[in-house]
Amino acid sequence: MPPSAALPIEPRPEQFSHAGARWLAATRPAFLSVSLAGAVLGVAASLPAVSWGLVGWALLAVLLLQAGVNVFNDYYDHDNGCDAANTERVFPFTGGSRFIQNGVMSPAQMRTLALALFAAVALIGLGLVWVRGWPLLCLGLAGAALGWAYSAPPCRLNSRGLGELTVALTFYGVPLGMAWVASGQISPALACASLSQALLITALLYINQFPDRRADTLAGKRHWVARLSLPAAARGYTWLTSLAYGVLVLGVWHQLLPLTALCGLATLPASLLASAQLRQHADQPAALRPAIIATLLAANLHPLCLALGLAWPV
């Protein structure tokens, strides 16, 4: 398949007669759920003292920020050529949205959309900071800066072996920021639970890099899946997920987390399944779809399970 060939399930210009639908789809809304789940965790840890009006605005800002990061990532992955060269992608999970490659939107339009989304986040964020103060400003600026620097030059953190850490830090901040907006405080329990969910979201990014490995290497995106041999990279996924669940268990053991937080282990079978499939099919991108779906499921459900555990502690 030549680099420019589109898969039948990928977006095409004729599917989007309305500009609003095209802009919305370009943000990859189906994958904003990981931010939503993290936000729910932050709010759950703040019950019952929650300012719901502020939470609504903060949730909108979180979703718009991830949407902007998604669009920026598409723009810069077009700029460096990795999405155009990606013939082993597992759409819709890897290889970008394909909006630029399939002619749905131009690179300039994608860049404008990303800037507009970041501008909207800034406006909402300034209002929230006015109410909640400088700690929220620090969290918000860190999240926006890391999201932009992940793929944008000259930083290109995802090309320097820092992309995984960037994602972990960014999504670690989502529940913390939501808790600060909701109640003006961050509990030790939330700080621990947020680390567990951030590591599982990092595992999602990590496994998505396997089908993109060849194209990313050609484009100079030297993330850890590209730097390591395939067997070593597959073991890296196991280490990431083991660390996520280990943080949870240790948090309960040391009484940082309530016993009910162990319901987060409900997603362990999905992570174990994905790990086994990845070790078996690391060199077969087309066979990784079930492992990616299992990882996506764990990344979404794990923070929701933790939210239940923190909302009703035992």
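**Cysteines and cores**

Author: In this predicted model, Cys305 is buried, with a relative accessible area of 16%.

Reader: Which cysteine sulfur is nearest to that of Cys305?

Author: A disulfide needs two cysteine sulfur atoms within 2.5 Å. For Cys305 the nearest one is 5.1 Å away, and Cys305 is in no disulfide. That sulfur belongs to Cys263.

Reader: Is Cys192 buried or exposed?

Author: Cys192 is in no disulfide, and the nearest cysteine sulfur, that of Cys263, is 13 Å away. The relative accessible area of Cys192 is 12%. Buried means under 20%, so Cys192 is buried.

Reader: How many disulfides does the count give?

Author: The cut-off is 2.5 Å between cysteine sulfur atoms. Cys305 has its nearest cysteine sulfur at 5.1 Å. The count of disulfides is 0.

Reader: Now the packing. Which element gives the most residues to the largest nonpolar core?

Author: This core has 67 residues, and Phe210, Leu257 and Leu278 touch the most other members. Elements giving two or more residues include α2 (33-44), α7 (188-208) and α12 (289-311). With 12 residues, the top contributor is α7.

Reader: Which residues does Phe210 touch, leaving out those up to four places away in sequence?

Author: Phe210 is among the residues that touch the most other members of the largest core. Another of them, Leu278, is also a contact of Phe210.

Reader: How many residues does the second, separate core hold?

Author: Its members include Ala67, Tyr75, Leu113 and Leu117. The total is 21 residues.

Conventions: Residues numbered from 1 in each chain as written. Predicted model: local features only at pLDDT ≥ 70, side-chain atom pairs only at ≥ 80, totals over all residues. Heavy atoms only, no water. Core = buried A, V, L, I, M, F, W, Y, C linked by side-chain atoms within 4.5 Å. Buried < 20%, exposed > 50% of the residue type's maximum accessible area, 1.4 Å probe, protein only. Helix = DSSP H or I, 4+ residues; strand = E, 2+ residues; numbered from the N terminus. Contact = heavy atoms within 4.5 Å.
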